[in-house]
Amino acid sequence: MKRISFVVLAMFIMLGSAHAAETVKIGLMAPMTGSWASEGAEMKQVCDLLAEQVNAKGGVAGKKIEVITEDDGGVPQTAALAAQRLAALKVTVVIGTYGSAVTEASQNIFDEQKIIQIANGSTAIRLTEKGLKYFLRTCPRDDEQAKVAAQTIRKLGVKKLAILHDNSTYAKGLADETKGLLAADKGVEIVFFDALTPKEQDYTTVLTKMKSFQPEMVFFTGYYGEAGLLLKQAKQMNWKVTFMGGDATNNPDLVKSAGKDASAGFYFLSAPLPKDLPSEDAKAFLAAFTKKYGNPPNSIYAVLAGDGLRVVLEAIAKTNSTDTGKVADYLHKNLKDFPGLTGKISFNEKGDRVGEVYRVYKVNEEGLFILQP
Amino acid sequence: MEQFFQQLTNGLAVGSIYALIALGYTMVYGVLKLINFAHSDLFTLGAYLGLTLLSSLLLVDRLGPLGGALVLAAMVMGLVAVAGALLDRVAYRPLRESPRLSAVVSALGASIFLQNTIMLIYGARYRVYPPDILPKASIHMLGVDIPLVRILILGASVIMMAGLFVFIQKTRIGTAIRAAAIDQGAARLMGIDVNRVILLVFMVGPALGGAAGLMVGLYYGQINFTMGWGYGLKAFTAAILGGIGNIPGAMVGGILLGLIESMSAAYLSFAWKDAIAFCVLILILIVRPTGLLGERVAEKV
């Protein structure tokens, strides 16, 4: 009897391991708690939906895929732990994460384990300057964004500019880059350059101070929560100045916080919004997302996480292998103009996405985001 | 000069919120020598409860803006007071006889629990109060436009603080609270039910914190489950600045901290305003280690 149960147990173990070998494990490292928890929730929704769709079609390279989510809390320390857990689970690929500093804490852990990491919202320049073979990102870099910001500021004929950031790696990087690009320009004078403290509700002090320098435009490089409050409080002060934001202000919640009247006329830079994507793939995906979750995705970064998953699945299918070395080589060299949800995707040797991604948007009277020509 | 007055009103508005929250920290510390880290999350809870009640009961439509806001404030304060009492019962009272460090750990745990509960119930995204609840009028004074709501908020917090001061100084229950703060053992011997006093402190402090949360929600409109952290830290600082355990000290400390912040932002660097505020705190503590109005600690030595 003992022997029989042993055999049965052994069979179960074999079956179990055979079963496990049939899935491709995809890690998703996302901020499920903390200040960016809303981003993380959508990243998970997008990846879960894509995995469902792929599995319904029979998976990739003959295997089903399995998405394992780990919470990075939007904090570097938590991210390092999350990365170690994912590495211990022997995932092939990790999608994520959102914040640059958070991604940075996990980069080496994945690279040492030869796990491919595709970040979706980490735009800090230095992340891809380290020569890590297994790191790629579907979002563009800050210097790319700063170029578009400087162009837009010149195009709108701004003579006196105020730049406001929030001392985060991303916001300060973008502010510094833009300042550097405009420094040589005689036509644009930077009259104010400073940082606010995120998560405070009252920004009237900084608005009052900026107002005294009489800029024609305020370029705020921080996040949408603060941007909404800045717009609302500037309106309450009866200060009529043009605001422009970086891509972290791209979120419909901005309009909710500021109110439609205060947010009308606000410019921001962003990768194209899902609704402005012409491809049939994107439209079909948005329809499926809306059907499953009741509303279209709010954040472009969640969609960029989806694109990360899609390119990896494409590479696994094309190489017919889960050997991360082969897959990474394919992504760097052979993947050309893959039809992503956010436009065509190719990577350069550093792992950066190639091509112009940023667009300029303006908020209209109804609070809708309108793509500027 | 115009900028000065504008920044003065900015500082007063922020400072009065700090002061209201600081009262919760200082009252609990005064009686229990415990820093109630979960207090900032009760503040957040106040903001969220306000939103829920506002949108579900349509108070403003029924009672007009001012009456609606008053009823709303009373309901929020009552509910947050109950939450505060529950917090004491669940997280602190079982540890009353344990070393103080255990209670501090429990406080941190309660804070994380509350914050994440709010996130799970209301979601992680920013929530926004319906606009146009309060009148948008503003008063032109000393060359600056001051929104009427700001004046109302400042007035409401001053009234609440004054009410608390009278309650603590002039009533029998207030005397019991003060007695328990000075010496719990002796207070017990005098026939004061110290556990009831503590319960009361855990209701009054959170009620004021909840009212502050509601005011932040009503005025700034945007609330988030992590909003308590920043305000809590500043309010805690304000409590220390004024002398922790001392009720008028928390009021003075809060207003002062708001003013230091806005003035250093105006005339020095905005990015450095927190650094400057904390430098001032350190300087004051070097000169007066017990804070501006805190003297009781010396008596106990």
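This report describes selected features of chains A and B in a predicted model.

## Annotated spans of chain B

For chain B, the unreviewed UniProt entry carries the feature "transmembrane region" at residues 12–35, 42–60, 66–87, 99–122, 148–168, 197–220, 240–260 and 267–287. Among these, residues 148–168 of chain B are 100% helix and 0% strand in the model, with 30 Å between the end C-alpha atoms. Residues 267–287 of chain B are 76% helix and 0% strand, and in that span the end C-alpha atoms lie 25 Å apart.

Helix 1 of chain B covers residues 2–32, and its 31 residues reach 45 Å from the first C-alpha to the last, close to the 45 Å expected at 1.5 Å a residue.

The contact between the two chains takes 31 residues from chain B and 31 residues from chain A. On the side of chain B that touches chain A, at least two residues each are supplied by helix 1, helix 4 (100–122), strand 3 (144–147), helix 8 (194–220), helix 9 (227–242) and helix 10 (247–267) of chain B. Helix 1 of chain B gives the most to this side, with six residues.

Strand 1 of chain A (residues 23–30) is largely enclosed by the rest of the structure, because six of its eight residues are buried. Strand 1 of chain A pairs with strand 2 of chain A (residues 64–71) in the parallel sense, over eight bridges, and A:Ala30 has A:Asp71 in strand 2 of chain A as its bridge partner.

Helix 2 of chain A (residues 37–56) has 20 residues, which at 1.5 Å a residue should span 28 Å, and the 28 Å between its end C-alpha atoms agrees with this. Its buried residues include A:Ala37, A:Met43, A:Val46, A:Cys47 and A:Leu50. The buried residues of helix 2 of chain A are covered by elements of both chains, including strand 1, strand 2, helix 11 and helix 12 (300–319) of chain A together with helix 4 of chain B. After helix 2 of chain A comes A:Gly58, whose phi is positive, near 100 degrees.

## The seven-stranded sheet of chain A

Chain A also holds an open sheet of seven strands in the order 7-6-8-9-10-13-14, with mixed pairing. Strand 7 (189–195) and strand 14 (369–371) of chain A are the edge strands, each pairing on one side only. On average, and with direction ignored, neighbouring strands of this sheet are turned by 25 degrees against each other.

Within the sheet, strand 9 (residues 242–245) and strand 10 (residues 267–270) of chain A run parallel and are joined by two bridges, with A:Gly245 standing opposite A:Phe268. Helix 5 of chain A (residues 142–155) packs on the sheet, touching strand 6, strand 8, strand 9, strand 10 and strand 13 of chain A, and its direction makes about 150 degrees with that of strand 10 of chain A.

## The loop at A:Asp276

A:Asp276 lies in the loop between strand 10 and helix 11 (280–293) of chain A. This residue counts as partly exposed because it has 15 C-beta neighbours inside 10 Å. A separation of 21 Å lies between the C-alpha atoms of A:Asp276 and A:Gln45, which are 231 residues apart along the chain.

Definitions and conventions. Residues numbered from 1 in each chain as written. Chains lettered and ligands numbered in written order. Predicted model: local features only at pLDDT ≥ 70, side-chain atom pairs only at ≥ 80, totals over all residues. UniProt positions renumbered as here; feature names shortened; annotations may be inferred. Helix = DSSP H or I, 4+ residues; strand = E, 2+ residues; numbered from the N terminus. Expected span 1.5 Å × (residues − 1). Pairing = 2+ DSSP bridges. Axes fitted to C-alpha atoms, helices over the stretch in contact; angles between N-to-C directions. Contact = placed C-beta atoms within 7 Å. Buried ≥ 20, exposed ≤ 12 C-beta atoms within 10 Å, placed from the backbone.
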